[in-house]
Structures are given as structure tokens and as C-alpha cells.
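User: I'm new to this one. Can you walk me through the structure?

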Amino acid sequence: MTGLAVPAAASAHGGTRVVSRLAGDIRVSVDALAVRSGDRVGAVDYTVTLRRGRGDTPVTHARVKLTIAKPGATIGPLV
């Protein structure tokens with residue numbers, strides 16, 4: 001699994017919005033797209049989008065640490 005922070009204009013993968021949270025004045029959104037290999041999920045492509053304030057101003061330079069957790073397992077942090 002891979003975490004990647006990119007400016008909104010460069011975001012090409014998308015997927016299903018799995019979380020959107022406000023961290024200070026930054027809106028953090030994470031989308032996930034299952035990449036299939038035959039009938040099985042081979043990988044999950046995560047897209048992290050950061051926007052400043054209440055508007056749509058993209059954050060173009062940031063360091064992101066992504067941790068994926070589910071009951072009984074945690075993956076990460078991915079930096």
C-alpha cells in the first residue's frame with residue numbers, strides 16, 4: 001500500500017472518499033481505489049488531498065504521514 005500527497009490539480013486516481021477531516025486550518029481528504037488483479041484486490045491506491053481553510057486553496061507542499069487501521073490490524077505509518 002502506498003500513501004501519496006499531491007496537489008489537487010495533479011490528483012489523477014480518485015476512488016471512494018474514505019475520510020475527510022479538519023486538522024487545524026487544513027482539510028485532509030483520503031480517497032481509496034482498489035486495484036484488481038483478476039478476481040482479487042492486488043493493491044489499494046490512496047490519494048490524499050489537502051486544502052487550506054474553508055476554501056478550495058490546495059496545499060501543494062506538505063509532508064503527510066498516513067496510517068491505515070482496521071479492527072485487529074494497523075498498516076503504517078506510511079510517509
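Analyst: We'll take the overall fold, then a few residues, then the pocket. This is a predicted model, where local features need pLDDT of at least 70, side-chain atom pairs count only at pLDDT 80 or more, and totals for chains, interfaces and linings use all residues. Residues are numbered from 1 along each chain as its sequence is written, and side-chain values use heavy atoms, with hydrogens and water left out.

User: How many helices and strands are there?

Analyst: There are 0 helices and 6 strands. Along the sequence the pattern reads β-β-β-β-β-β. Helices (H or I, at least four residues) and strands (E, at least two) are DSSP runs, numbered from the N terminus.

User: What share of the residues is buried?

Analyst: Of the 79 residues, 22% count as buried. Buried means under 20% relative accessible area, exposed over 50%, and partly exposed in between, with a 1.4 Å probe and protein chains only.

User: And the accessible surface of the chain, what does it come to?

Analyst: About 5,700 Å², and 52% of that belongs to carbon and sulfur atoms. Areas come from the Shrake-Rupley method with a 1.4 Å probe; for residues, only the protein chains shown count as cover.

User: Let's zoom in. Where is Ser-29?

Analyst: Ser-29 sits in strand β2, residues 26-37.

User: Why does Ser-29 count as buried?

Analyst: Because its relative accessible area is 7%.

User: What does Ser-29 touch?

Analyst: Leaving out residues up to four places away in sequence, Ser-29 touches Arg-17, Val-19, Ser-20, Thr-47, Val-48 and Thr-49. Contact here means heavy atoms within 4.5 Å.

User: Now the loop between β4 and β5. Is His-61 buried or exposed there?

Analyst: His-61 is in that loop and is exposed, with a relative accessible area of 73%. A 3.1 Å polar contact joins the side chains of His-61 and Thr-60. Ala-62 is found in the loop between β4 (57-58) and β5 as well, and counts as partly exposed at 44%.

User: Last topic. How much space lies in the largest pocket?

Analyst: About 190 Å³. Of the 11 lining residues, the closest to the centre are Tyr-46, Thr-67, Ile-68, Ala-69 and Lys-70. On a 1 Å grid over the protein atoms alone, a pocket is an open set of points where a 1.4 Å probe fits, with protein on both sides within 12 Å along at least five of seven lines; lining residues have an atom within 4 Å of a point. Grid points are joined across faces, edges and corners, and the volume is the space filled by probe spheres set on the points.

User: Which strand gives the largest share of the lining?

Analyst: β5, with 5 residues. β1 (16-23), β5 (66-70) and β6 (73-78) each supply at least two.

Note on methods: Polar contact = N/O pair within 3.5 Å; in protein donor to acceptor, adjacent residues only side chain to side chain.
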